[in-house]
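Here are a few friendly notes to read alongside the model. Please keep the 3D view open and find each part as we come to it.

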Amino acid sequence: MIDAMVDEMMPASFEKLNKILKLEQSQGYRNRAVIGGLESFADHWQQEALAEVQEGPLVEMVHQVAELLRQYAGADLDQRNQMIQTILKNLSESPDLVPPPRQPPLSKPGGAAGATVSPPVSLSVPVPPSPQRLATGLDAPVTTLPGISTAYATRLKRLGIETVHDLLYHFPHRYDDYSTLKPIHRLQYGEETTVIGTVWSTQTRTTRGGGTIISSIIADASGTIEAIWFNQPYLARQLRAGRRIVLSGKVDQYLGRLVLRSPAWEPLERELIHTARLVPVYPLTEGLGSRWMRRLIKRVVDHWAPRLEDPLPAAVRERAGVVDLPTAIRQIHFPDDQQSAERARYRLAFDEFLSLQLRLLQQRQQWKSQEGRPIPRNQALLEAFLASLPFQLTEAQQRSLEQILTDLEQPRPMSRLLQGDVGSGKTVVATAAILMAVAAGRQAALMAPTEILAEQHYRSVSEWLAPATDWGFGRPISVALLTGSLSRTERSRLYAALAEGQVDVVIGTHALIQRNVTFQDLGLAIVDEQHRFGVIQRNILRQKGTAPHILVMSATPIPRSLALTLYGDLDLSIIDQLPPGRQPIQTRWLLPAERERAYAFVRSQIQQGRQAFILYPLIEGSDKVAAKAAVEEYERLQREVFPDLRLALLHGRMKGKEKDEVMTRFRQGEIDLLVATSVIEVGIDVPNATVMLVEGADRFGLAQLHQFRGRVGRGVHSSYCLLLSDLASPDHPQMKATWERLKAIEETQDGFYLAEKDLELRGPGDFLGVRQSGLPQLRLASLSNLQVLEHARAEAHAIFQEDPTLSKPEYRLLAQQVARLWQGQGDLS
């Protein structure tokens, strides 16, 4: 009774937290009350709660609760119990959440009678840091280190360095190889080298501009060489005659003689960290020098590396063939040789991939262990739907549909990725799944990243489901479109219809995940072009129903090895066949000198009654710059090149209604030539468009160019993709890699092959941003390093089979490492 009263008086976010924590208690503190664990729920809840309380003492309480939730995964069962008890106690006793019974108000000193002031909210729970963290003090702020002032700490923070641990994991991005030691008489112009010698003399000269030049003559048993430094007058005192020093740098020439220009140097008597070795080169920021950073990290590594406990048990290290963690940390920063650096890098990248895979496996198991509501297969309705289509499904579509329908029939929620090349027919497969959900009395939602794509899905799905009464369904299926372009009245009407179950299927953009959107019974949630949505957005859509079935779709082909890493928590269906009759798109890349030829070809196609696109690249990722470039080119093309044709402009800065109007006119044939930015990458289906001319094609990855190409070739006419490079000459130094990419897309229509090639040539970031995909940021692991990736995945499966929750004593530190990597992240589906 008291609990019910408490719940009634609490803000909604606190009421939700109260229920979740009680569920977690009842489940024995296994971190399964919410998908992804309480640590992934923390950020979402914090945002929700702050939106409700906004100001006052509860704000501090929200931050403290969220911080406790983030530590939950790394705590043992007793600590988890204590955490939850503390939070629940504060929820039930806080006067700002639940008014205390008949307590006299506290008066503000000197204030008006009856004015009350709430005591400050404080959650204190003795949750110790992990033994590794406690033993080594790795969470200590950098200001606890000797010589690190507040000013230096501020600069370090710009590099993401706030604690001792951050410094240990601030890795070099390359090394200068000064390990080659040579006598002076064997030095050669242009080589990177190290010499050991004695300072004979040092002189200071002043330049006309007021600068200083320090010149030292260095000698060894074989000869002498001059070393020169600019604007470092203090060196004259340090480089005194007779001092033995070590110098490393590039051998240069001055007035016909060899010199060392601005070499790194150190006294011979101390341990060498700047010279005569592989010298680490760290990411820096303004106000921090490379020598200062090296000295700081050397001090930290020497003290802390030997004290690190290794999260990988000895048996795992031996099986995986990796070095121990203290060795890896020492050798990644100050390697004995190139092989030692590689072994260290391999170990640390292995750790990241292992943590990544283990978390994905845990998420998959948590999702699969949830109770779901089966959506039965209505075979007669399905057959009637397929028979009504003006085409037959390919074998790959049939295989993927069968996998999806089998998942829907299970008493656990589906979590599946449907991957298919451009034009492979994913939407019709998804529509069949939607039909089964509606037939079972449930609702379905499809979320797309752009209004253009949402509207295209709306048209297709509405058209395909329109004959429902002919199939014996009994009533028309209600399909609605929800985008930001709807008026407030239209939105309110649609919200009410969704909540009352009057709408069977809703298709929309981010507008679907607004707080006002509620469903009577959401049974199937579909996310299209899912890598364009953040983790939180996908989770919010999932939470609109009670464990709904989830289908995510991607038209960006991803190599299978990479897909298993990025989406290891999802089952994978691949449509690797194009519908019969789709013509290959003839693709050619051209140099800037061939631009007029390309324009002539575009004109010839339009004269035959076809339509065309000319696409301009995003410049430095800025929509504003890209829109400006497209506007200028649109005006030039209309004025100078195609004055007699009907041109229109489409870019990301236009309002939704403007874009819709342009696309409608283009689709209806009222526009001959559409000048656009990459806003057209997905969602444009105009069968009469036969030419895609891409300007600045060398700026795009293969996967993206393949998406652009997929905007044409959708009708019965031959289609063409012309790729204009900005690089004027095939001999340009950047041209080799560009030539390889553009040659690859000329030679094949296979998006999966192109994705592999893109991964090989450019790495994964160009066609799938890590942050967009919802992955934690990886410091060393590169998704293109498939050998380490496969190795870590195999080991993760072995560990998961043995101990899925990582609760055994030998995996205690590994569990903390997984939690640290994923801190602040949610699940990927």
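1. Start with Ser355, which sits in helix H13 (residues 338-369). Please bear in mind that this is a predicted model. Ser355 is buried, with a relative accessible area of 1%. Leaving aside residues up to four places away in sequence, Ser355 touches Gln817, Val818, Leu821 and Trp822.

2. Next, look at the sheet. It is open, has 7 strands in the order E11-E12-E10-E13-E14-E9-E15, and its pairing is parallel. E11 and strand E15 (571-575) are at the edges with a single partner strand each, so one side of each has no neighbour in the sheet. From one strand to the next, the twist averages 20 degrees.

3. Now zoom in on one pair. Strand E9 (residues 415-420) and strand E14 (residues 549-554) run parallel and are joined by 5 bridges. Here Leu418 stands opposite Met553 in E14.

4. Two helices to find on the sheet come next. Helix H16 (residues 426-439) packs there, and its direction makes about 170 degrees with that of E13. Helix H17 (residues 451-465) also packs on the sheet, touching E10, E11 and E12.

5. Finally, turn to helix H18 (residues 488-499), which has 12 residues. Which residues of H18 are buried? They are Leu494, Tyr495, Ala497 and Leu498. Seen down the axis of H18, the buried residues fall within an arc of 165 degrees, so they line one face of the helix. They pack against strands E10, E11 and E12, while the face turned away from the buried side carries the exposed residues Arg488, Thr489 and Arg493. Just after H18, Gly501 takes a positive phi of about 80 degrees.

How values were computed:
Residues are numbered from 1 along each chain as its sequence is written. This is a predicted model: local features need pLDDT of at least 70, side-chain atom pairs count only at pLDDT 80 or more; totals for chains, interfaces and linings use all residues. Side-chain values use heavy atoms; hydrogens and water are left out. Helices (H or I, at least four residues) and strands (E, at least two) are DSSP runs, numbered from the N terminus. Buried means under 20% relative accessible area, exposed over 50%, partly exposed in between (1.4 Å probe, protein chains only). Contact means heavy atoms within 4.5 Å. The expected span of a helix is 1.5 Å times one less than its number of residues. The arc is that of the directions from the helix axis to the C-beta atoms. Two strands pair if DSSP finds at least two bridges between them. Axes are lines fitted to C-alpha atoms, for helices over the stretch in contact, and angles run from 0 to 180 degrees between N-to-C directions.
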